[in-house]
Amino acid sequence: MPNARVLIVDDVPENLAVLGELLQHEGYQVQVANGGAVALRLAVGPPAPDLILLDVTMPGMDGYEVLRRLRADPRTAALPVLFLTARGDPGDEEYGLLQGAEDYLTKPIRPALVLARVRNQLQAKRARDVLANQNALLEAEVRRRMEDNDRIQRVTIRALAHLAETRDPETGNHILRTQSYMGLLARRLASHPRHAAVLDEAMIEQLVRSAPLHDIGKVGIPDHILLKRAPLAPDEWEVMKTHARLGAEAIEQAERDIDQPVPFLQVARQIARWHHEHWDGRGYPDGLVGEAIPLSARLMAVADVFDSLVSPRVYKRPFDVERARQAIVDGRGTQFDPDVVDAFCAGFDDFVAVARSHGLPVG
């Protein structure tokens, strides 16, 4: 490797001169250090050396200690080191290699052997550098593609959610608000002893990502029911309730169409089907009770009802925030999971802030 930079470390000036002249004659750039402290300073550059020839026996800080410090510093941990020593004991060579040196040369030096070892180590370093650069490029490309896939997935979810929302234009920013509420609730519950094991950051991300699909089944509800500008009749309400099953079935069909499970779709299916279940078993579509209702759906139940209460509808005026809070509290242990209600109350001001930030003039 012409122009490679080699650092020679030796406390004997004559050794520095001989090695320096030998390497410079071969076209290498040479740095010299007469002790460990100077060597450590030069090793970090700039410019950093490509290879270090390190004497073992030096006063103050010997070569073994210099190597230990080089390996302990992330900036120099990968620098190749060749030990130079007058010790000829095979045990010394073995010890030096075990400390992390790439090679071991004994004095007096033999020029041809030194140049061959230097050349081999520099070629090996160049190969490692090329591989590292290729790996870095590959990792960057993988990261870029994952980010693209993640972005596409988010946009697709949002588009599907907006498709449902366009059927019911009064809902406004409902999907954005409920998505934010879901994150607030999940993070509050993440420190709860009964839920901490489930609500890690990955699960919270799945919950937030899945939340916009909770009402996707409304695309299957006839307009004369979905858009009715008055409270629904009992038979109409029975049709409206089918949106939970329709949404879950649509997501389940999407899951069958792909080759491998997608965790957030599993969560989205739970939310779509069961976010209208009640803690006491009086909800729909399956009448699940208590913890038989997936936690994802229990979280969405509070988020969805709160937003519905504080949102205006043609057939009702919006609740003020205190009345909405009390309605959620009144449903604790009957409609809603008590733990989720407690998390809601503890973060109530944050819920109000989200509602205001997404277009609701809550009071």
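1. Glu-102 and Arg-71 form a salt bridge, with their closest N and O atoms 3.2 Å apart; a salt bridge here is a side-chain nitrogen of Lys or Arg within 4 Å of a carboxyl oxygen of Asp or Glu. The pair links distant parts of the chain, 31 residues apart: Glu-102 is in the loop between α4 (90–98) and β5 (103–106), and Arg-71 is in helix α3 (residues 63–72). Helices (H or I, at least four residues) and strands (E, at least two) are DSSP runs numbered from the N terminus.

2. The model is predicted: local features need pLDDT of at least 70, side-chain atom pairs count only at pLDDT 80 or more, and totals for chains, interfaces and linings use all residues. Residues are numbered from 1 along each chain as its sequence is written, and side-chain values use heavy atoms, with hydrogens and water left out.

3. Both partners of the pair in point 1 are partly exposed: Glu-102 has 31% relative accessibility, and Arg-71 has a relative accessible area of 23%. Buried means under 20% relative accessible area, exposed over 50%, and partly exposed in between (1.4 Å probe, protein chains only).

4. A salt bridge also joins the side chains of Asp-103 and Arg-117 (3.2 Å, N to O). Asp-103 belongs to strand β5 and Arg-117 to helix α5, so this pair ties together parts that are 14 residues apart in sequence. Asp-103 counts as buried because its relative accessibility is 16%, whereas Arg-117, at 24%, is partly exposed.

5. Asp-280 and Arg-282 meet through their side chains in a salt bridge of 3.9 Å, N to O. Asp-280 is partly exposed, with a relative accessible area of 30%, while Arg-282 is exposed at 71%. The whole structure holds 28 salt bridges.

6. How many helices and strands does the protein have? The secondary structure comes to 15 helices and five strands. Buried residues of α11 include Phe-264, Leu-265 and Trp-274.

7. The C-alpha atoms fill a box of roughly 100 × 40 × 35 Å, taken along the principal axes. Of the 363 residues of the protein, 43% count as buried.
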